[in-house]
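Student: Hi! Could you walk me through this one while I have it open?

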Amino acid sequence: VLVLLSCTLIVAANAVNTPPAEETDAAIDIAILKEYFQDQARQGTALLALQIMDLVREVKDIADSVRKLEEKMDAISVEQKSIVSSMAAVSTGVTSVEQKVDIIRSEVRLISQHKLTWQNSTWRDVYH
């Protein structure tokens, strides 16, 4: 557009100082330039349309990728909830096992104490 405006100004400036025969040539030059720039504008519009189409395709591809990732994240979330509930069940089981181990330790201590008491009472007369 700037080039067209510059050419128009140059042609107009030359037209003031030139005889009328050259005005016809200037008008032809202006018409040719005008047509040239209109063709360039059409080609630019077509190029722009192609670029927009490519961008639309790219956005659709990205949207599909995002949708697939969201589905995977949802599946992972469900799996994570399942794992957390399993861990809660394991934690309850561990607590139960710890309680049983504590009871067994207590029984072992009691048995050891009885054994020592028995040994002390049985062997007391032998060493004295």
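**Salt bridges and surface**

Tutor: Happy to! Let's start with Asp64, which has a relative accessible area of 35% and is therefore partly exposed; that class lies between buried (under 20% relative accessible area) and exposed (over 50%), with a 1.4 Å probe and protein chains only. This is a predicted model, where local features need pLDDT of at least 70 and side-chain atom pairs count only at pLDDT 80 or more, while totals for chains, interfaces and linings use all residues. Residues are numbered from 1 along each chain as its sequence is written, and side-chain values use heavy atoms, with hydrogens and water left out.

Student: Thanks! Which residue forms a salt bridge with Asp64?

Tutor: Arg67 does, with the closest N and O atoms 3.7 Å apart. A salt bridge here is a side-chain nitrogen of Lys or Arg within 4 Å of a carboxyl oxygen of Asp or Glu.

Student: And how far apart are Arg67 and Asp64 in helix 2?

Tutor: They are 3 residues apart, which means about one helical turn between them. Helices (H or I, at least four residues) and strands (E, at least two) are DSSP runs numbered from the N terminus. Arg67 is partly exposed as well, with a relative accessible area of 39%.

Student: What about Glu71, which residue does its side chain meet in a salt bridge?

Tutor: Arg67, at 3.4 Å from N to O. Glu71 and Arg67 are 4 residues apart in helix 2, about one turn of the helix, and Glu71 is partly exposed at 47% relative accessibility.

Student: How many salt bridges does the structure hold?

Tutor: The structure holds 4. One of them pairs the side chains of Asp102 and Arg105, at 3.5 Å from N to O. Asp102 and Arg105 are both in helix 2, 3 residues apart, about one turn of the helix. Asp102 is partly exposed at 45% relative accessibility, and Arg105 is partly exposed too, with a relative accessible area of 48%.

Student: Which residues do shared partners join into one network?

Tutor: Asp64, Arg67 and Glu71, through their salt bridges.

Student: New topic: which residues form a nonpolar patch on the surface?

Tutor: Leu48, Ile52 and Val56, with about 250 Å² of accessible area together. Patches take residues with over 30% relative accessible area and no salt bridge, joining like charges within 9 Å and nonpolar side chains (Val, Leu, Ile, Met, Phe, Trp, Tyr) within 5 Å. Val56 lies in helix 2, residues 20-127, and at 41% relative accessibility Val56 counts as partly exposed.

Student: Zooming out, how many helices and strands are there?

Tutor: There are 2 helices and 0 strands. Of the chain's 128 residues, 3% count as buried. The accessible surface comes to about 11400 Å², and 65% of that belongs to carbon and sulfur atoms; areas come from the Shrake-Rupley method with a 1.4 Å probe, and for residues only the protein chains shown count as cover.

Student: Last one: what pLDDT does the chain average?

Tutor: The average is 77, and 76% of the residues score at least 70; pLDDT is the predictor's confidence in each residue, from 0 to 100. Residues 1-5 are below 50, and beyond near neighbours in sequence this stretch has 4 contacts in the model, a contact being heavy atoms within 4.5 Å. Residues 15-19 are also below 50, with 2 contacts beyond near neighbours in sequence. Where pLDDT is low, the predicted coordinates should not be read in detail.
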